[in-house]
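The sequence and model are shown first.

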There are 4 protein chains.
Amino acid sequence: MQQFMQERDWKQFHNPKDLAIAISLEAAELLEHFLWKNGAEIGSRVDSHGEEIRDEAADIGIYLMELCDVLGVDLVQSMSAKLEKAGLKYPVEKSRGTSRKYTELKDD
Amino acid sequence: MQQFMQERDWKQFHNPKDLAIAISLEAAELLEHFLWKNGAEIGSRVDSHGEEIRDEAADIGIYLMELCDVLGVDLVQSMSAKLEKAGLKYPVEKSRGTSRKYTELKDD
Amino acid sequence: MQQFMQERDWKQFHNPKDLAIAISLEAAELLEHFLWKNGAEIGSRVDSHGEEIRDEAADIGIYLMELCDVLGVDLVQSMSAKLEKAGLKYPVEKSRGTSRKYTELKDD
Amino acid sequence: MQQFMQERDWKQFHNPKDLAIAISLEAAELLEHFLWKNGAEIGSRVDSHGEEIRDEAADIGIYLMELCDVLGVDLVQSMSAKLEKAGLKYPVEKSRGTSRKYTELKDD
């Protein structure tokens with residue numbers, strides 16, 4: 001990936017702000033596949049447009065890795081640190097089976 | 001990560017559409033750090049809010065991995081396949097040093 | 001609205017790029033209300049968080065009007081011109097009752 | 001606009017969640033015009049792609065109006081109510097000339 005960017009001399013455009021925009025735009029392209037689709041139509045879309053959907057997921061991954069490179073961040077290590085924090089905000093007994101945000105979790 | 005999701009019985013919410021929305025929302029939270037910031041202010045924001053920014057990047061990575069799990073997609077393999085396709089759309093000699101979209105690349 | 005912006009000397013930040021980001025971030029805040037919600041849960045969320053949802057819609061409207069002001073664009077006139085174009089891309093007989101994109105509309 | 005939607009029998013797709021997604025996607029299409037562009041390049045993009053940019057702004061407006069119709073919300077009234085609230089969160093003397101979020105506003 002770094003070779004790809006360097007050959008094209010694209011590093012100059014890759015500041016954190018524009019990379020965050022790029023991630024956001026790729027996420028929108030992924031999401032567009034599911035607009036107006038609900039229930040079983042979501043799975044049908046995955047079946048009929050699998051490669052495009054995989055490509056959009058890949059684009060998000062590529063810009064995310066590039067952002068981490070620019071920031072000097074180890075993504076895998078950050079993900080594991082974040083999951084640990086999330087475990088504190090969402091204790092198993094309170095958050096099991098609910099999609100509530102941690103600010104809306106109730107005691108029993 | 002899978003253990004984290006299963007302990008909380010969250011797999012039931014994780015259809016591709018809502019996961020795509022989740023990625024999009026986390027991307028927005030990342031981008032919010034850079035709103036109204038330009039030039040040197042972007043780097044200053046990274047310096048002053050490094051941990052939050054790393055956390056947002058991690059959240060995107062977590063939901064992206066979860067989406068790939070739900071889709072049965074190998075993300076790393078998809079990224080490398082996508083880079084190969086991008087290499088064809090953006091040949092080095094035409095795309096070097098320009099941020100133009102491939103539809104706007106010019107000969108010479 | 002113009003008075004609000006001028007009193008705070010905020011016009012200096014309002015370039016089209018950052019205003020587009022601002023619209024995008026407000027749209028994400030609106031969408032967040034419906035993450036992991038489907039079917040009847042969508043209406044319940046509207047009932048329980050009506051004011052917040054109205055506020056997010058208002059924020060989008062405010063930044064959109066501000067963008068149009070910066071661009072010197074008449075939004076209402078642009079909307080009516082766009083609906084006219086959309087009418088050509090989506091003829092009633094082909095697009096009735098389907099959510100297909102115009103590139104995917106079929107004869108018959 | 002209502003006539004346009006009704007002729008095509010599109011009201012059935014227009015639940016608040018999908019309309020929020022639609023707004024978010026149109027906002028991304030608007031923002032895409034400014035990706036990797038900074039400083040004077042932003043204005044140049046407006047000059048060279050004025051009609052497309054106006055169209056994206058119009059699309060956001062159309063889906064936003066449609067959402068307000070579905071929610072039974074008066075957008076203009078909500079915008080003016082929101083500006084009033086914003087005026088309390090961002091008092092002129094504290095927020096003048098700064099792009100800080102209200103949570104980060106400082107005394108003097």
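## The largest cavity

In this predicted model, the largest cavity holds about 80 Å³ of space. A cavity here is a set of points, on a 1 Å grid over the protein atoms alone, where a 1.4 Å probe fits but cannot get out; lining residues have an atom within 4 Å of a point. The structure contains 1 cavity of 30 Å³ or more.

Its lining includes Ser24(A), Ser24(B), Ser24(C) and Ser24(D), and Leu31(B) is also among the lining residues. Helix H2 of chain A and helix H2 (16-32) of each of chains B, C and D give two or more residues to this lining. By class, the lining has 7 nonpolar, 4 polar and no charged residues.

## The interface of chains A and B

Chain A and chain B each bring 57 residues to the contact (heavy atoms within 4.5 Å). About 4,700 Å² is buried between them, 72% of it from carbon and sulfur atoms; this is the accessible area (1.4 Å probe) lost on being put together, summed over both parts.

The rule finds 6 salt bridges across this interface (a side-chain nitrogen of Lys or Arg within 4 Å of a carboxyl oxygen of Asp or Glu). Lys82(A) and Asp59(B) form a salt bridge at 2.8 Å, N to O.

## Conventions

Residues are numbered from 1 along each chain as its sequence is written, and chains are lettered from A and ligands numbered from 1 in the order written. Local features need pLDDT of at least 70, side-chain atom pairs count only at pLDDT 80 or more, totals for chains, interfaces and linings use all residues, and side-chain values use heavy atoms, with hydrogens and water left out.

Technical notes:
Buried area = accessible area lost by both parts, 1.4 Å probe. 1 Å grid on protein atoms, 1.4 Å probe; cavity = no way out; pocket = protein on both sides within 12 Å on 5 of 7 lines; lining within 4 Å. Points joined across faces, edges and corners; volume = space filled by probe spheres on them. Helix = DSSP H or I, 4+ residues; strand = E, 2+ residues; numbered from the N terminus. Nonpolar A, V, L, I, M, F, W, Y, C, P; charged D, E, K, R; others polar.
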